[in-house]
Amino acid sequence: MTPGARVAAAIDILDIHLSGTPAEQALTGWARGHRFAGSKDRAAIRDHVFDALRRLRSSAGLGGGMTGRAVMIGLLRGQGIDPDTLFTGVGHAPAVLADQERVSGGDLSRAARLDCPDWMLPHFDQSLGDRSDDVLEALRHRAPVFLRVNSARANLDQAQSQLAEDGIVTRPHPLASTALEVLENHRNINSSRAFLDGLVELQDAASQAVVEALQIAPGLRVLDFCAGGGGKALALAALGAEVVAHDISPARMKDIPARAKRAGCQIQIATPDRLGDFGTFDLVFADAPCSGSGSWRRAPQGKWLMTRERFAGLLDTQQTVLSQLPTQTAPDGAIAYATCSLLDAENRAQVNWFIAEQSGFAIDLEAQFSPLDGGDGFYVARLKRM
Ligand SMILES: C[S@@+](CC[C@H](N)C(=O)[O-])C[C@H]1O[C@@H](n2cnc3c(N)ncnc32)[C@H](O)[C@@H]1O
């Protein structure tokens, strides 16, 4: 496909997405209907679509409307590319710009320029102060790809060598001692020997740093209360913790047994009705549902789907989760609360709420990571009984 034809495909996919279909589904549907498109075409089209979603508001502003075509025109303008070079009407490229499209766009508000919903901007400003613009700007760019080296299977050097045999070039990243940043050929990871043999897992570097911050001693009994697909549970188990994974939606944990087998570690699964059978834990870890504001580079749709009402609902859920943790915690145990959010309302404010509700707990460790550190935005606080 020509570069112009790829832009035309991205326009079609964006139109399907903007009429209500999730972006991944729109991409898959397009690929099914266009089997002639090679893997390089599909990857390039996917990049256009996700670049546009990260910058949806500014692109619509610069392109003159919230349609796939206007958004792609605006995206190119925002990237300093003249849309006329791709909107040629030749072959499968999009039609030449109309006069009206040439004059569209204009001054953008600060929130539009930073691709932030208006109501969300005060949350960023209050949480990040003078770093707010830089962090929001970082969220407009693609995220690096990170791997976690499974220390139960390999050290960093061994993992790097094995990955290099499949052409995957990496370098260690300072955010976590287990983190490798992928520099080349990240699309080969899932089929690489290192991945299939459990030497590495795809995991953001800040996500790894959160687990590392908890200073897990081998043999520690840990409950991963919001285990989801098990990313943190696997990282905890790799450090020698005895991990029990739990989630309000057990179906979300379905892949954990296979992932644990590949990693060569043991993770027990507790469904909500059986959690009582497992006793109490040295550490109860809750990676709570959140706005995902720290990972909007990877999942940019979340930024535009979030509303004040949904945000308020998430704050309630976080408090529900927090209030369930003490009964699972041993008398001399600790609670760890984490989110992939950059916003105080979901982080320190929730921890303060918990401390006020459940007297007897105090923060003994706290860390906040932002995309300016290299990985996603993440928060973690550990609370101990005083
Ligand atoms: C941020 S995700 C967890 C991601 C996971 N820890 C990982 O590293 O891959 C949050 C999870 O919390 C679960 N959850 C939501 N409300 C819950 C509740 N009240 N109790 C337990 N889990 C809950 C959701 O089903 C979701 O899987």
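Me: Before we start, where do the domain bounds come from?
Reply: Domain bounds come from an automatic or database domain assignment. Keep in mind that this is a predicted model.

Me: OK. Which domains is the protein chain divided into?
Reply: Domain 1 covers 3–108, domain 2 covers 145–202 and domain 3 covers 214–385.

Me: What separates the centres of domain 2 and domain 3?
Reply: Their centres, taken over C-alpha atoms, are 25 Å apart. Ten residues from domain 2 and ten residues from domain 3 make the contact.

Me: What classes of residue are on the side of domain 2 that touches domain 3?
Reply: That side has three nonpolar, four polar and three charged residues.

Me: Switching to helices. At what angle do H2 and H3 cross?
Reply: Roughly 155 degrees. H2 is residues 23–33, H3 is residues 39–54, and their axes come within 11 Å. Angles over 145 degrees count as roughly antiparallel, so H2 and H3 are roughly antiparallel to each other.

Me: Is that crossing left-handed or right-handed?
Reply: The crossing of H2 and H3 is right-handed. Ala23, Leu27 and Ala31 of H2 meet Arg42, Arg46, Val49 and Leu53 of H3. By class, that contact has five nonpolar, no polar and two charged residues.

Me: And H13 with H14, parallel or antiparallel?
Reply: Roughly parallel. The axes of H13 (residues 231–238) and H14 (residues 256–263) cross at roughly 30 degrees and come within 11 Å. H13 passes H14 in a right-handed crossing.

Me: Which residues make the contact?
Reply: H13 gives Ala233, Leu234, Ala237 and Ala238. H14 gives Ile256, Arg259, Ala260 and Ala263. Seven residues of this H13 and H14 contact are nonpolar, none is polar and one is charged.

Terms used
Residues numbered from 1 in each chain as written. Predicted model: local features only at pLDDT ≥ 70, side-chain atom pairs only at ≥ 80, totals over all residues. Axes fitted to C-alpha atoms, helices over the stretch in contact; angles between N-to-C directions. Helix = DSSP H or I, 4+ residues; strand = E, 2+ residues; numbered from the N terminus. Parallel < 35°, antiparallel > 145°, perpendicular 65-115°, else oblique. Left-handed = near helix turned anticlockwise from the far one by under 90°. Contact = placed C-beta atoms within 7 Å. Nonpolar A, V, L, I, M, F, W, Y, C, P; charged D, E, K, R; others polar.
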